[in-house]
Amino acid sequence: MIMRYSKIRKMDISNGPGVRVSIFMQGCTFNCPNCFNKETHDFNGGKEFGQSLIDRVLKLVENEYVVGLSILGGEPLHPKNIDGTIELCKAFKEKFSDSKNIWIWTGYLFEQIVNKDIYNYVDVIVDGQYQDSLHDFRLKWRGSSNQRVIDVKETLKHKEIKLYCE
């Protein structure tokens with residue numbers, strides 16, 4: 001099965017700090033009640049993900065006012081999507097190194113992520129499934145209070161979860 005994506009936002013200010021390019025991957029099996037992106041759950045929906053899309057995303061991020069890339073879903077770390085997500089992240093880091101950052105939202109807990117290669121490329125992971133009963137409009141960059149905004153580099157360095165501090 002070919003990986004798919006739902007949409008791209010060229011100037012997103014709600015999914016991470018600063019102006020960002022956001023890509024929403026297609027396909028999710030969590031089906032969290034009241035998910036804000038139900039249209040991304042079907043793995044057969046959206047459009048085909050491939051090298052031309054990666055090139056397009058990287059071109060959009062070149063704009064000097066863009067500080068980074070946000071990858072959401074659907075579920076970017078689902079086994080059907082993880083390889084393409086890593087490919088995009090790797091190309092991003094090869095081009096921008098640490099001058100721009102990558103944020104990923106996933107329903108998996110940080111400790112449950114199977115393909116740890118993603119940690120080599122991502123700066124922040126917002127983890128955990130959205131829980132409607134824990135929804136709070138005051139939260140930054142997450143929908144429910146069970147979700148964590150994790151600084152990946154600091155977490156790996158200290159070998160314990162370190163939350164992102166703005």
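D132 touches P33 and N34, not counting residues up to four places away in sequence (contact means heavy atoms within 4.5 Å). The model is predicted: local features need pLDDT of at least 70, side-chain atom pairs count only at pLDDT 80 or more, and totals for chains, interfaces and linings use all residues. Residues are numbered from 1 along each chain as its sequence is written, and side-chain values use heavy atoms, with hydrogens and water left out.

D132 sits in the loop between β6 (124–127) and β7. Helices (H or I, at least four residues) and strands (E, at least two) are DSSP runs, numbered from the N terminus. D132 has 36% relative accessibility and therefore counts as partly exposed. Buried means under 20% relative accessible area, exposed over 50%, and partly exposed in between (1.4 Å probe, protein chains only).

N34, a contact of D132, belongs to the loop between β2 and β3. Its relative accessible area is 48%, so N34 is partly exposed. N34 is not a glycine, yet its phi is positive, about 65 degrees. W141 also has a positive phi, near 65 degrees, and is a residue other than glycine. W141 lies in the loop between β6 and β7. With 14% relative accessibility, W141 counts as buried. A cis peptide bond joins G73 and G74, with omega about 15 degrees. G74 is placed in the loop between β4 and α2. Most residues other than glycine have a negative phi, and most peptide bonds are trans.

Seven strands form an open sheet in the order β3-β1-β2-β4-β5-β6-β7, with mixed pairing. Strands β3 (47–48) and β7 (148–151) stand at the edges; each has a single partner strand, so one side of each is left without a neighbour in the sheet. Two strands pair if DSSP finds at least two bridges between them. Strand β2 runs parallel to β4, joined by six bridges. V19 stands opposite V66 in β4. Four bridges join β4 (residues 66–72) to β5 (residues 101–105), and these strands also run parallel. Here G68 stands opposite N101 in β5, and L69 stands opposite I102.

Helix α1 (residues 51–61) packs on the sheet, touching β1 (4–12), β2 (19–25) and β4. The direction of α1 makes about 10 degrees with that of β1. Axes are lines fitted to C-alpha atoms, for helices over the stretch in contact, and angles run from 0 to 180 degrees between N-to-C directions. Helix α2 (residues 82–96) also packs on the sheet, touching β2, β4 and β5, and its direction makes about 165 degrees with that of β5. Strand β4 is mostly covered, with six of its seven residues buried.

T155 lies in helix α3 (residues 152–158). At 4% relative accessibility, T155 counts as buried. Residues up to four places away in sequence aside, T155 touches F110, I150, E160, I161 and K162.

The lining of the largest pocket comprises 31 residues, of which F36, W105, Y130, G143 and Q147 lie nearest its centre. On a 1 Å grid over the protein atoms alone, a pocket is an open set of points where a 1.4 Å probe fits, with protein on both sides within 12 Å along at least five of seven lines; lining residues have an atom within 4 Å of a point.
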